[in-house]
Amino acid sequence: MEEDLVHNYVLEKDIIKGLPDKVVIWEETLRDGEQTPGVFFTVDEKLKIAKMLDDMGVGIMDVGIPVVSKEEFKAVKAVANEGLKATIVGAARTVKSDIDACVDADVDETSIFIACSDLHLKYKLQMTREKVLEIAVESCEYARDHGLDVSFVTEDTVRADLDFVAELYNACTEAGAKRAVLCDTVGVMTPSAMRWWLGEIKERFKPVQLSFHGHNDLGMAVANSLAAVECGVEIPHTTVNGIGERSGNTSFEELVMGLEVLYDYRTGIDISKLYELSTMVEEISGIPLSINKPIVGYNAFSHESGIHADGVLKKTLTYEPMDCADIGRTRKFIFGKHTGHAPVADKLEKAGISATPEQVTKIVEGIKERAEHTEKKEQVEFIKMFREMEEHRRGISDKEFWAIAKDAGVNPPK
Ligand code: MN
């Protein structure tokens, strides 16, 4: 049994002892994911993604900010009325018209957000802490009184004054918010910082369900979210493929597989559809998966080097920490400069072709020779084309901008 041959210290050393009994994924693809520069979803696309997430067992999804536009309102309302099992959330600023739009869109819950760090208060909101507290409480009460469940969200929570954070959340909890969503808005936490910080939070907070919204600016989002879960946070936020503002959010597939594989924790998510979901969101968002993206990237289960391919052919666990078939993927062997005998022999065998060891050696040599002399022209052109598209395809073009400005009576620069 391989279990006897490999250690998993996450399990063996009881690192998971603080894990909550139930982790519920709060999906943000349709809200923060749509805030990825240049990305927008139509009503039908939002419905399609929401249905798939619901089918896969996602418990909560924030599907948009109804006040943003008429289309957005339509999309949120359509998802809310689709009869999904998940709790459907609409986001709102601490503004009555935002909350009214959530009520009219028939969502189950509203996530009311306001910034709370002194930095955001001074430069962005130009508000005092007292004012923030006052409008936050008013908004929570207003939403509650209009029949909505309330999650209270603060932007930039992890860079704010701890005592103020506690005062603000405790006041909002008393005003009816049933969940506290804590945000690492610019992705500056680390797992050990999370552990310390959540300890401080728990000492100061009145009992409330905790949720964490992580960003990936320094590549820490998944690790920080797992640290939060280890500390008992029940509701981590995710987006499919990790899309979102700037470098994006905690990636859904990475967090789910982190819990399933490393923590041996059943998330209740149907992981067999992970790859299908990922490629669907890739197409609808227009944000291509990076080649080396964990779980769903093109290379996540590809091997070229001789030693690795040989190991994987003998026992996949040697160089693959999970079974790609579990998430609806297949393993690939790439033939190139680092190819060895094993995958060549394997390919011939699977095709029902017999060859002598000498012939296999000759094929390996031929592959290396061909690979090392491949022209890079095509590759360079592809990268150039991709950059060009990135520059001009997303969002509206410069020309379109000035055409719109002209319609508004503003003349373009000479
Ligand atoms: Mn965010």
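This briefing covers a manganese site, a pocket and a surface patch. The model is predicted, with local features needing pLDDT of at least 70 and side-chain atom pairs counting only at pLDDT 80 or more, while totals for chains, interfaces and linings use all residues. Residues are numbered from 1 along each chain as its sequence is written, and side-chain values use heavy atoms, without hydrogens and water.

**Manganese site**
- Asp-32 (OD), His-213 (NE2) and His-215 (NE2) coordinate the manganese ion at 2.0 to 2.3 Å; donors are N, O and S atoms within 2.8 Å of the metal (3.2 Å for Na, K and Ca), and sites may look incomplete because water is not among the atoms.
- The donor spacing in sequence is D-x180-H-x1-H.
- Asp-32 sits in the loop between strand 1 (26–27) and helix 2 (43–56), and His-215 in the loop between strand 7 (209–214) and helix 9 (221–230), so the pair ties together parts 183 residues apart in sequence.
- Asp-32 and His-215 are both buried (under 20% relative accessible area, 1.4 Å probe, protein chains only).

**Second largest pocket**
- The second largest pocket has a volume of about 430 Å³.
- Its lining residues (an atom within 4 Å of a point on the 1 Å grid) include Tyr-298, Lys-332, Gln-379, Phe-382, Ile-383 and Phe-386.
- Helix 15 gives the largest share of this lining, four residues.

**Ile-383 and the nonpolar patch**
- Ile-383 belongs to helix 15 (residues 377–393) and counts as partly exposed because its relative accessibility is 37%.
- Phe-382, Ile-383, Met-385, Phe-386 and Met-389 make a nonpolar surface patch of about 460 Å².

Conventions: Patch = residues over 30% accessible without salt bridge, like charges linked within 9 Å, V, L, I, M, F, W, Y side chains within 5 Å. Areas by Shrake-Rupley, 256 points an atom, 1.4 Å probe, with all protein chains shown as cover. Salt bridge = Lys/Arg side-chain N within 4 Å of Asp/Glu carboxyl O. Helix = DSSP H or I, 4+ residues; strand = E, 2+ residues; numbered from the N terminus. Buried < 20%, exposed > 50% of the residue type's maximum accessible area, 1.4 Å probe, protein only. 1 Å grid on protein atoms, 1.4 Å probe; cavity = no way out; pocket = protein on both sides within 12 Å on 5 of 7 lines; lining within 4 Å. Points joined across faces, edges and corners; volume = space filled by probe spheres on them.
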